[in-house]
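Please look over the sequence and the structure shown here, then read on.

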Amino acid sequence: MTKAGIVSQSVAAGWRARSMTLRSALMQIMVAASCLAAGAAGAQEGPQKLRTVQLRAGMQNITAEVAMTDRERAIGLMHRTQMGTHEGMLFVFERPGVQCFWMKNTLIPLAIAFIDDDGTIVNTDEMKPQTLDSHCSDRPVRYVLEMNTGWFKKRALGTGSKLTGSPFSATR
């Protein structure tokens, strides 16, 4: 083999080795990034605690945590093992849309109300914990309120009932 042949083989082998090293490094970076992303999502070991707002449904007072960001809405009431009788979570969306919820990582059964801008309940439903059953609004809404299971039924609150509080009194 000529000196030129040895050099070209060495260069080619060097490029292959560097290419393999580069691929390996990129794979390690991608795996690390995936682990970090999964860790950030899974790092939520306990329930999130969000600011609250006071709502009223007839004579009932509600203290609702407010989930306004994508991350807050995605976590929702996950990791809760209990919730106070008149406590819940109000999900606020930027614009009206058909909102759908499921309970894959939620541990407690919940009741859900889909609410118009003026505080009128569009529809309600009951949700079983740790399921992928979809529960959707009958029409576009900006607000969704989750309470303990049976909360709306026990108080005869359903389609057409009205909630009051600062989110519903603001003009849009």
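Glutamate 87 touches Thr63 and Met147 when residues up to four places away in sequence are not counted, a touch or contact being heavy atoms within 4.5 Å. The model is a predicted one, in which local features need pLDDT of at least 70 and side-chain atom pairs count only at pLDDT 80 or more, while totals for chains, interfaces and linings use all residues. Residues are numbered from 1 along each chain as its sequence is written, and side-chain values use heavy atoms, with hydrogens and water left out.

**Overall make-up**
- The protein has four helices and nine strands, where helices (H or I, at least four residues) and strands (E, at least two) are DSSP runs numbered from the N terminus.
- Of the 172 residues in the protein, 38% are buried; buried means under 20% relative accessible area, exposed means over 50%, and partly exposed lies in between, with a 1.4 Å probe and protein chains only.
- Among contacts between residues at least 6 apart in sequence, 70% join residues at least 24 apart.

**Glutamate 87**
- Glutamate 87 belongs to strand 3 and is partly exposed, because its relative accessible area is 40%.
- Although glutamate 87 and threonine 63 are 24 residues apart in sequence, their C-alpha atoms are 4.9 Å apart in space.
- The side chain of glutamate 87 also reaches the backbone nitrogen of glycine 84 at 3.0 Å.

**Two aspartates**
- Aspartate 70 lies in helix 2, which covers residues 70-75, and counts as exposed because its relative accessible area is 59%.
- The side chain of aspartate 70 makes a polar contact with the side chain of arginine 73 at 2.6 Å; such a contact is a pair of N or O atoms within 3.5 Å, where, within protein, one must be able to donate a hydrogen and the other to accept it, and residues adjacent in sequence count only if both atoms are side-chain atoms.
- Aspartate 116 sits in the loop between strand 5 (110-115) and strand 6 (121-127), and it is buried because its relative accessibility is 18%.
- The side chain of aspartate 116 makes a polar contact with that of arginine 139 at 2.7 Å, and, leaving aside neighbours within four places in sequence, the residues in contact with aspartate 116 include Val122, Pro140, Tyr143 and Phe168.

**Nonpolar cores**
- The largest nonpolar core has 20 residues, of which Leu55, Ile62, Leu90, Ile115, Leu145 and Phe152 touch the most other members; a nonpolar core is a set of buried Ala, Val, Leu, Ile, Met, Phe, Trp, Tyr and Cys residues joined through side-chain atoms within 4.5 Å.
- At least two residues of this core come from each of strand 1 (52-57), strand 2 (60-67), strand 3, strand 5, strand 8 (141-148) and helix 3 (151-154).
- A second, separate core has 17 residues, including Leu50, Phe101, Met103 and Phe114.
- Not counting residues up to four places away in sequence, leucine 90 touches a set of residues that includes Val53, Leu55, Tyr143, Leu145 and Phe168.
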